[in-house]
Amino acid sequence: MTTFAPDSLALNRKLPLWYQVSQSLRASILGRSPEAPLRLPTEDALAAHYGVSVLTMRQALKELEAEGLISRHRRRGTFIEPSAQRGAPVRLLGSVDTIVAQQSGMSTELLEHGPTPVPSELSEYFPDMTEVAGFRRLRSDEETGEPTNHAHNYVRPEIAELIDPADLLRWPMTKVLRDEVGVRISRITDSVEARLADPETARLLQVPLLSPILHYTGVTYGEGGDVVDVARIHYRGDRFSFTVTLDA
């Protein structure tokens with residue numbers, strides 16, 4: 001039996017269970033340490049861990065297999081693909097674990113952190129303050145070292161004081177806020193638009209000036225309705241795509 005221990009999951013009954021489980025597993029796979037074993041627990045063990053049926057677990061694993069993150073071998077078991085593609089498309093369907101999965105699985109460099117003025121275009125999210133804490137990171141493909149996205153988070157100062165910057169080298173901000181700091185996240189709103197790379201973004205992502213990039217904005221709300229974090233991430237347009245799935 002492997003020592004791989006996927007994150008536990010508070011299931012939302014309004015979303016497909018297989019989807020939530022697949023996204024939680026995806027985040028755990030992409031965020032694992034390099035020395036972690038590649039073999040996953042059995043379907044029965046994973047189903048018991050997540051509190052779902054074996055059929056639901058099987059559908060979640062099928063999704064990850066189609067994405068190229070795992071391979072399944074009869075009688076041998078299920079294994080994480082060591083060369084799994086890190087920039088695979090992400091389907092946004094409304095769970096926090098989707099956001100965590102979207103941002104996981106890359107090596108991270110913390111470029112800077114500290115107090116920063118609230119950008120004028122974000123003032124609506126922080127109406128009661130002129131300064132927040134900024135965290136700026138560059139993520140790269142673990143195998144090639146190629147830069148893939150540049151993230152800038154703006155966090156309420158009282159929340160930022162509880163963040164250990166070292167945690168951001170391994171985990172996305174969403175996971176750090178929820179699991180390390182203990183923020184009760186009520187919702188996250190996402191928007192993605194096409195933009196042209198400015199000089200700083202082009203330099204960091206190593207792409208030609210004015211080449212297409214994907215600009216993602218994620219606004220994280222706490223239990224009381226206040227904004228705790230605004231993430232602005234520039235993704236290389238040749239490495240990422242986003243698909244939104246709406247179920248009736």
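This is a predicted model: local features need pLDDT of at least 70, side-chain atom pairs count only at pLDDT 80 or more; totals for chains, interfaces and linings use all residues.
**Note on helix packing, buried positions and positive phi values**

1. Gln-206 lies in the loop that runs between helix 7 (199-205) and strand 8 (212-222). Phi of Gln-206 is positive, near 55°, and the residue is not a glycine. Most residues other than glycine have a negative phi.

2. Arg-75 sits in the loop between strand 1 (70-73) and strand 2. With a relative accessible area of 77%, Arg-75 is exposed.

3. A glycine with positive phi follows helix 6: Gly-182 comes just after that helix and has a phi of about 90°. Helix 6 itself covers residues 173-181. Its buried residues are Met-173, Thr-174, Lys-175, Val-176, Leu-177 and Val-181. The list includes the charged residue Lys-175.

4. For the chain as a whole, the secondary structure amounts to seven helices and 10 strands. Of the 248 residues, 52% are buried. Among contacts with a separation of 6 or more, 61% join residues 24 or more positions apart. The accessible surface is about 12200 Å², and carbon and sulfur atoms contribute 50% of that area.

5. Two packed helices are described by the angle between their axes and the distance between the axes. For helix 1 (residues 17-30) and helix 3 (residues 54-67), the axes come within 8 Å and cross at roughly 50°. Helix 1 and helix 3 are therefore oblique to each other, and their crossing is right-handed.

6. Which residues form the contact of helix 1 with helix 3? Helix 1 supplies Leu-17, Trp-18, Val-21, Ser-22, Leu-25, Arg-26 and Ile-29. Helix 3 supplies Thr-56, Met-57, Gln-59, Ala-60, Leu-61, Glu-63, Leu-64 and Glu-67. By class, this contact has nine nonpolar, three polar and three charged residues. An α-helix has 3.6 residues a turn, so residues three or four places apart point the same way. On the helix 1 side, the contact residues Leu-17, Val-21, Leu-25 and Ile-29 can be read with that in mind.

7. Helix 3 also packs against helix 2 (residues 43-50): their axes come within 9 Å and cross at roughly 105°. That makes helix 2 roughly perpendicular to helix 3. From helix 2, Glu-43, Asp-44, Leu-46, Ala-47 and Tyr-50 take part, and they meet Val-54, Met-57, Arg-58 and Leu-61 in helix 3. The residues of this contact are six nonpolar, no polar and three charged. Met-57 and Leu-61 of helix 3 are listed in the contact with helix 1 and again in the contact with helix 2.

8. Thr-56 belongs to helix 3. Its relative accessible area is 15%, so Thr-56 is buried. Apart from residues up to four places away in sequence, Thr-56 touches Leu-17 and Trp-18, both of which are in helix 1. Glu-43 is 13 residues from Thr-56 in sequence, and the two C-alpha atoms are 9.7 Å apart.

9. Thr-78 is in strand 2 (residues 77-80). At a relative accessible area of 9%, Thr-78 is buried. Setting aside residues up to four places away in sequence, Thr-78 touches Leu-38, Arg-39, Leu-40, Ile-70, Ser-71 and Arg-72. Thr-78 and Thr-42 are 36 residues apart in sequence, with 7.4 Å between their C-alpha atoms.

10. Beyond its neighbours within four places in sequence, Ser-140 is in contact with Met-106, Ser-107, Gly-145, Glu-146, Pro-147 and Thr-148.

Technical notes: Residues are numbered from 1 along each chain as its sequence is written. Side-chain values use heavy atoms; hydrogens and water are left out. Axes are lines fitted to C-alpha atoms, for helices over the stretch in contact, and angles run from 0 to 180 degrees between N-to-C directions. Helices (H or I, at least four residues) and strands (E, at least two) are DSSP runs, numbered from the N terminus. Angles under 35 degrees count as roughly parallel, over 145 as roughly antiparallel, 65 to 115 as roughly perpendicular and the rest as oblique. A crossing is left-handed if the near helix is turned anticlockwise from the far one by less than a right angle, and right-handed if clockwise. Contact means heavy atoms within 4.5 Å. Buried means under 20% relative accessible area, exposed over 50%, partly exposed in between (1.4 Å probe, protein chains only). Accessible areas come from the Shrake-Rupley method with a 1.4 Å probe; for residues, only the protein chains shown count as cover.
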